[in-house]
Amino acid sequence: AREMWPVIERHLAWEHRLFRREFGPDSLPLYEAYAAIWASDDLNYDGAGTAHASAYNYFENKMAARVAKILGKDPEPYAREADLISQAMQKYLWLTNDGWFAECKDYLGRQLVHPSAGLWTFYHTLDAEVPTPFEAWEMTRFVDTQIAHIPIQTGVPPAVIGHCFTLPETSWMPYLWSINNVVMAEAAHTSLGYWQAGRPATAFSLFKGCLLTSMFLGLCPGNVGCLTTYDAARGEAQRDFADGCGTTARALVEGLFGVRPDALAGELTIAPGFPAAWADASIRHPDFDFAFRRNGTTETFSVEQKFARPMALRLQIPALREDVASVTVNGRPAEWHMVKECVGHPRVEINSPAAAHQKVVVVWRGHEPGNLTAQNEV
């Protein structure tokens, strides 16, 4: 971090110098997007302050403040800029009556706000931790209701594989390259956004649709491609693009398995997003192994860390029943508490000190909890 700090400083200064735009009498900053996302090929904003580029800079400045403090540098300029961007996004881009961030606010003319957002506005703002948990939940309803859902046609009855779908990038017309394509990376990143917002059932239906479309139904078996056969004009073009690899991997690791390390804080958060019917799952990764098994009302979570230093564990799991009978970590009784500001299905958090191996056993009791998400889940 110390070696790279001058590069980070120069990059944030470059962003500030070229893309920062001040709005309103309070001169709050939003950032213009230029060649910042996949859709940039055919997307320009003429100086407008965009949600996704502002979210980028919010997260970058917030993280720069953390790193600066660790290195003994002054974190205040970065922390202040992150706070100002957050204020600007809430004041000028958040659509209170609709429940999502607008695509952008014009810098020229009447400085109109454009309410019809692209998928990138949804998943980048969530990824950058801009919205509150409730706002994140509201934003999923934007994707539910404002973006077309394309059912995956597999020839196998939905009763067998479940309801799977994919998404175009926007609802914008007319069709233009990079503006409203059906892209695996965009859909996979959106599925990660659903997981981050606490909508695991919809996240899994979308993610499974991505895998089926590209890896099983596509022209190249096992491929993580770019466009899919559902693209209106190009079909499964540019299959050699690597756009989908990172987002698909992140959706699998951070979304489905919920593994999110924060090495700066020395914490490993695991918040699984498994389908409710799953009784077991496991993943082997160069940095960790994680396994889950359910037997009746007993759930077991096993974590083996392979990081340079073991991290403290924050395990956040969906409540299987209304109450917890017991929790043990490595055979010893452990405390638990409800996750605050949890929207949708309630979650329980179990904390454990840093260790290379952690086995958490939770025994539930009582009735099944009410699920606030059921009416909105696919």
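Author: Start with E341, in the loop between β18 (336–338) and β19 (347–352). This is a predicted model.

Reader: What makes E341 exposed or buried?

Author: The relative accessible area of E341 is 63%. Exposed means over 50%. Therefore E341 counts as exposed. Its phi is near 55°, a positive value in a residue other than glycine.

Reader: Where is S27, and what is its phi?

Author: S27 is found in the loop between β1 (20–23) and β2 (28–31). Phi of S27 is near 55°, again positive and not in a glycine. At 32% relative accessibility, S27 is partly exposed. That value lies between the 20% and 50% limits, so the label holds.

Reader: Which peptide bond is cis?

Author: The bond from M173 to P174 is, with omega near 0°. P174 sits in the loop between β9 and α7.

Reader: Why are E22 and R20 called a salt bridge?

Author: Their closest N and O atoms are 2.8 Å apart. The limit is 4 Å, so the pair qualifies. E22 is partly exposed at 42%. R20 is buried at 17%, because buried means under 20%. R20, E22 and E81 are linked in a network of salt bridges.

Reader: How many salt bridges does the structure hold?

Author: It holds 16. Another of them joins R66 and D262, with the closest N and O atoms 3.2 Å apart. R66 lies in helix α2 (residues 51–71) and D262 in strand β10 (residues 259–262), so the pair ties together parts 196 residues apart in sequence. R66 has 30% relative accessibility and is partly exposed. D262 is partly exposed at 26%.

Reader: What does D289 pair with?

Author: D289 forms a salt bridge with K306, the closest N and O atoms being 3.2 Å apart. D289 lies in strand β13 (residues 288–295) and K306 in the loop between β14 (298–305) and β15 (312–318), so this pair ties together parts 17 residues apart in sequence. D289 is buried at 11% relative accessible area. K306 is partly exposed at 35%.

Reader: How do you know whether α2 runs roughly parallel or antiparallel to α3?

Author: The axes of α2 and helix α3 (residues 76–93) come within 7 Å and cross at roughly 155°. Over 145 counts as roughly antiparallel, so α2 is roughly antiparallel to α3. The crossing is left-handed. Among the α2 residues that meet α3 are A51, Y58 and A65. The α3 side includes Y78, E81, I85 and L93.

Reader: Why does the length of α8 agree with its being a helix?

Author: Helix α8 (residues 200–216) has 17 residues. At 1.5 Å a residue it should span 24 Å. Its end C-alpha atoms are 22 Å apart, which agrees.

Reader: Which α8 residues are buried, and what covers them?

Author: The buried residues include F204, F207, C210 and L212. Their cover includes α6 (158–161), β9 (165–166), α7 (184–196) and α9 (243–256).

Reader: What makes T269 buried or exposed?

Author: T269 is in strand β11 (residues 267–270). Its relative accessible area is 13%. Buried means under 20%, so T269 is buried. Not counting residues up to four places away in sequence, T269 touches G258, V259, R260, R314 and Q316.

How values were computed. Residues numbered from 1 in each chain as written. Predicted model: local features only at pLDDT ≥ 70, side-chain atom pairs only at ≥ 80, totals over all residues. Heavy atoms only, no water. Helix = DSSP H or I, 4+ residues; strand = E, 2+ residues; numbered from the N terminus. Expected span 1.5 Å × (residues − 1). Buried < 20%, exposed > 50% of the residue type's maximum accessible area, 1.4 Å probe, protein only. Contact = heavy atoms within 4.5 Å. Salt bridge = Lys/Arg side-chain N within 4 Å of Asp/Glu carboxyl O. Axes fitted to C-alpha atoms, helices over the stretch in contact; angles between N-to-C directions. Parallel < 35°, antiparallel > 145°, perpendicular 65-115°, else oblique. Left-handed = near helix turned anticlockwise from the far one by under 90°.
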